[in-house]
Amino acid sequence: MAQAAAAALLLAGGAWSAFGFTENLFDEQDALQKEWRDAQDLQIFIGDSAIQVDSVVAGPPVVVTLTNTGTTTLDASAVTVLLDGVAATVDSWTVEGVSSNVWTPGATLALTMDLAASVTDRAAVATEHGVMAFGGL
Amino acid sequence: MSSGISESILFIGAITATMIVVASLHGVSEELSSGISSRSSILASEMQSRVSIINDPAHVETSPLTIYVKNTGTTEIYTTGLHLLIDGQAEFDWDIEVEAEEAVFPETDDDDTILLPGEVGTITFGGGVSLDPGDHLVTVITRTNAEDTMEFTA
């Protein structure tokens, strides 16, 4: 009688622990797989992204014109510009002449920097995920 | 009578022992689950973390050495966890200033301890860091093992 009750308790407790553990394991695996897929997607996105500097107007104001030569849509507001190696604040930008953050493949992005000085050599541009392009005067 | 008492003692003993075993089993399972959960969270953070040095290699300011690091991933980077190497040697004499991309993150302030996705940090090395003329490598490594290296000529 005692042995039977103990065995039943042991069995129930073991099953309860095993169930909880397995459920947690599957949840974690699902979450990790999602993160892994997101990371893979990001890699593919970066691989498909490309930009080129079409022109640099020495200024002031300095105007850098770029084309999205990749197959991904980029965020125009997250572009970083370095003029002669120094990071510059972008004061305004247009995509195909319209104020927008959506920089689609093939579209032209014009960045304007209201600086007091002019650029003497070249501009470096980095997208939100680090795809870079360089262009001289 | 004494047989009944013996059976009761045996019963209570068996139940107590079983409960101890079950509690131990459950404790071990919980600990294992918690460990897996923490490890998963670290792995996920590592997978989403990216950092890029975005200097123009043709125009690197070397006195003092200044590099621009951009958070090109999708998770925030704690600047207190950054490690910097110059030609493979760890350098500790540097300071970072984070320029918040206000157009993208209007709610952010000038917090130099966190690089949000898309933000750029300007790292300026101290006067003790001097570079001989020639080619050099600068590497930045985050706490989540994201890293980038740039080669430039001083």
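## The sheet of chain A

In chain A, four strands make up an open sheet in the order β1-β2-β8-β6, with antiparallel pairing, where helices (H or I, at least four residues) and strands (E, at least two) are DSSP runs numbered from the N terminus, and two strands pair if DSSP finds at least two bridges between them. The edges are formed by β1 (51-57) and β6 (92-95) of chain A, each of which pairs on one side only. Neighbouring strands of this sheet are turned by 20 degrees against each other on average, direction ignored; the axes are lines fitted to C-alpha atoms, for helices over the stretch in contact, and angles run from 0 to 180 degrees between N-to-C directions.

Six bridges link β1(A) to strand β2 (residues 62-68) of chain A in the antiparallel sense, and Ser55(A) has Thr65(A) in β2(A) as its bridge partner.

The model is predicted, so local features need pLDDT of at least 70 and side-chain atom pairs count only at pLDDT 80 or more, whereas totals for chains, interfaces and linings use all residues. Residues are numbered from 1 along each chain as its sequence is written, chains are lettered from A and ligands numbered from 1 in the order in which they are written, and side-chain values use heavy atoms, with hydrogens and water left out.

## The sheet of chain B

Chain B holds an open sheet of four strands in the order β5-β4-β9-β10, again with antiparallel pairing. Because β5 (89-91) and β10 (147-153) of chain B stand at the edges with a single partner strand each, one side of each is left without a neighbour in the sheet. On average, neighbouring strands of this sheet are turned by 25 degrees against each other, direction ignored.

Strand β4 (residues 83-86) of chain B runs antiparallel to strand β9 (residues 135-141) of chain B and is joined to it by four bridges; His83(B) stands opposite Ile141(B) in β9(B), and Leu84(B) has Val140(B) as its bridge partner in that strand. Three bridges join β4(B) to β5(B), also in the antiparallel sense, with Ile86(B) opposite Gln89(B). These two strands, β4(B) and β5(B), form a hairpin with two residues between them, and Asp87(B) in the turn has a positive phi of about 50 degrees. In a regular strand the side chains alternate between the two faces of the sheet. In β4(B), Leu84(B) and Ile86(B) belong to the covered face, while His83(B) and Leu85(B) belong to the uncovered one.

## A helix and a loop in chain B

Helix α1 (residues 2-48) of chain B has 47 residues, which at 1.5 Å a residue should span 69 Å, and its end C-alpha atoms are 69 Å apart, which agrees; the expected span is 1.5 Å times one less than the number of residues. Among the buried residues of α1(B) are Ile15(B), Val22(B), Ala44(B) and Met47(B), where buried means under 20% relative accessible area, exposed over 50% and partly exposed in between (1.4 Å probe, protein chains only).

Leu116(B) lies in the loop between β7 (114-115) and β8 (120-125) of chain B and is buried, with a relative accessible area of 18%. The C-alpha atom of Leu116(B) is separated by 6.5 Å from that of Ile77(B), 39 residues apart along the chain.

## The interface and the salt bridges

In the interface, 38 residues of chain B are in contact (heavy atoms within 4.5 Å) with 42 residues of chain A. The two chains bury about 3300 Å² between them, 68% of it on carbon and sulfur atoms; buried area is the accessible area (1.4 Å probe) that two parts lose on being put together, summed over both. Met47(B), Ile54(B) and His59(B) supply 17% of the area that chain B buries against chain A, more than any other three residues.

Over all chains the structure holds two salt bridges, a salt bridge being a side-chain nitrogen of Lys or Arg within 4 Å of a carboxyl oxygen of Asp or Glu. One of them joins the side chains of Lys34(A) and Asp38(A) (2.9 Å, N to O); because these residues are four apart in helix α1 (residues 2-48) of chain A, about one helical turn separates them. Lys34(A) is partly exposed at 45% relative accessibility, and Asp38(A) is partly exposed at 29%. The pair that crosses between chains runs from Asp56(B), in the loop between β1 (51-53) and β2 (66-71) of chain B, to Arg122(A) in strand β9 (residues 122-126) of chain A. The side chains of Asp56(B) and Arg122(A) meet at 2.4 Å, N to O, and Asp56(B) is buried, with a relative accessible area of 0%.
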